[in-house]
Amino acid sequence: MVPEIATILRRIPSEDYFPGPDEVEKRLAALVARNPGLARRQRVGSSRLGEPIHLVSIGSGHRDALVFAGPHPNEPVGFLTVSYLAELLSNDDELRDRLGYTWHFIGCVDPDGARLNESWFSGPLTRRNYTRWHYRPPFGEQVEWTFPRHGDWRESHPSMPETRALADVIDTVRPALMCSLHNAEFGGVYYYVSEERAGMAEALADLSHHTGIPVHTGDPDIPGARRSGPGVFVVPPADVIAQAVAEEGEEGAVIGASSVHYAGRHGTYSLIIEVPMWSDPRSGEDTDCGQRKAELLRDTATMLGDISPRVGAFIDPALDTLYVPDSPFVRSLNDLRRTTAGLSAAYRNQAERAGEVGATVAERFAACQTAHTLRLRTCGTALRLVEGELAVGNHSPAIRTACRALNDVFDSWADEAEADAKGTPVPLPRLVGAQLGAILTAARGT
């Protein structure tokens, strides 16, 4: 790591909550107002509900870098990172000149989705509270995954205005470097890159020594991705992902292409940064866990396969009585149920090919936490659906019964998840540091 980056990471201010889209916009607008001539702000699009999406640009370097936050609106670490990095670059002329970029920031690319998550942004930042009140869009409504696979917007389902706004920025800026800011729930830090570059995987892995967040050593969650180094994976072509999904029995799980694929038309080096909200040393432990991988995969498949029937036993009778039959939570729940069923089939298919090889501690941890997280996400989303119905006056017996029963299921699953991995919340400045360090490392290497 460049010593300068280590110094910057030590100076990140303390934060104990996540800003919502209004506060992110306010912070960036105030930065522009304080730095006339250096920073510029322009509206580049609107959300589906009419929220403005702004681009803030800083400096006048000979290359362009684009950093955007909130492509998955239940992943808010990037809201802090964008705010802090924009301030850092505005205040440090020497750093900005050495890096040689004009920097472009989108503080929140999906403000509609972010608003459905604001109820947990102020804490407590526990997995129980997060999954109880989070909102995760279905694949077909995720900005990160609704770019056209073959360059034709008619194949994007749907062609979302947020995605089109980001695509227009990419086509206008033509960035040499693009960073998409994400965070996972549990485990270690990991990265996706658009291509292998000499020394980049090692430099990214080295950041862990300074942030204290372990590197994820398990498998990638993008099908078909290739490992470049510890916790660093190369994003495969969109068609390869689609084929891998189909072969694993998860048909429909990925709708389009990612921002990485779209920016590739401009020769952009792209970096996706995933940091964990809760950390556990097991995520980086490569010793044998004492269980065969095939058995682990079958056990995980069973947990995943049980989610939709268990939740469905209570939510399905309620779905016929909804006042709002096409709310975001209805669409999200339907997608989660398809996803968990598809993942269950995928894990069973992988088990058939695993042979007698043993599983590592990291692999067992990742598989179990995937199942726990999807259990809680699905049940939490179902609860938000029925509670929304109660809020608009739908007190049908099916809605009331579902609400009581799903609360019991959620509490039971949350207790099991906590017993398996209590999890240590990663301090927010360290999460910001992990994303910030990766951005600056990539900027140095591009």
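This is a predicted model: local features need pLDDT of at least 70, side-chain atom pairs count only at pLDDT 80 or more; totals for chains, interfaces and linings use all residues.
Modeller: Residues are numbered from 1 along each chain as its sequence is written, and side-chain values use heavy atoms, with hydrogens and water left out.

Biologist: Are the faces of strand S6 covered or open?

Modeller: Both are covered: Tyr190 and Tyr192 on one side, and Tyr191 and Val193 on the other, are all buried. Buried means under 20% relative accessible area, exposed over 50%, and partly exposed in between (1.4 Å probe, protein chains only). Strands (E, at least two residues) and helices (H or I, at least four) are DSSP runs, numbered from the N terminus.

Biologist: Which residue is the bridge partner of Tyr192 in S9?

Modeller: That partner is Ile272. S6 and S9 (residues 269-279) pair in the antiparallel sense over four bridges; pairing requires at least two DSSP bridges between two strands.

Biologist: Changing topic, how many salt bridges are there in the whole structure?

Modeller: The search finds 31, each a side-chain nitrogen of Lys or Arg within 4 Å of a carboxyl oxygen of Asp or Glu.

Biologist: What does Glu387 pair with?

Modeller: Glu387 forms a salt bridge with Arg132, with the closest N and O atoms 2.2 Å apart. Glu387 lies in helix H15 and Arg132 in helix H7, 255 residues apart.

Biologist: Is Arg132 buried or exposed?

Modeller: Arg132 is buried, with a relative accessible area of 10%, whereas Glu387 is partly exposed at 22%.
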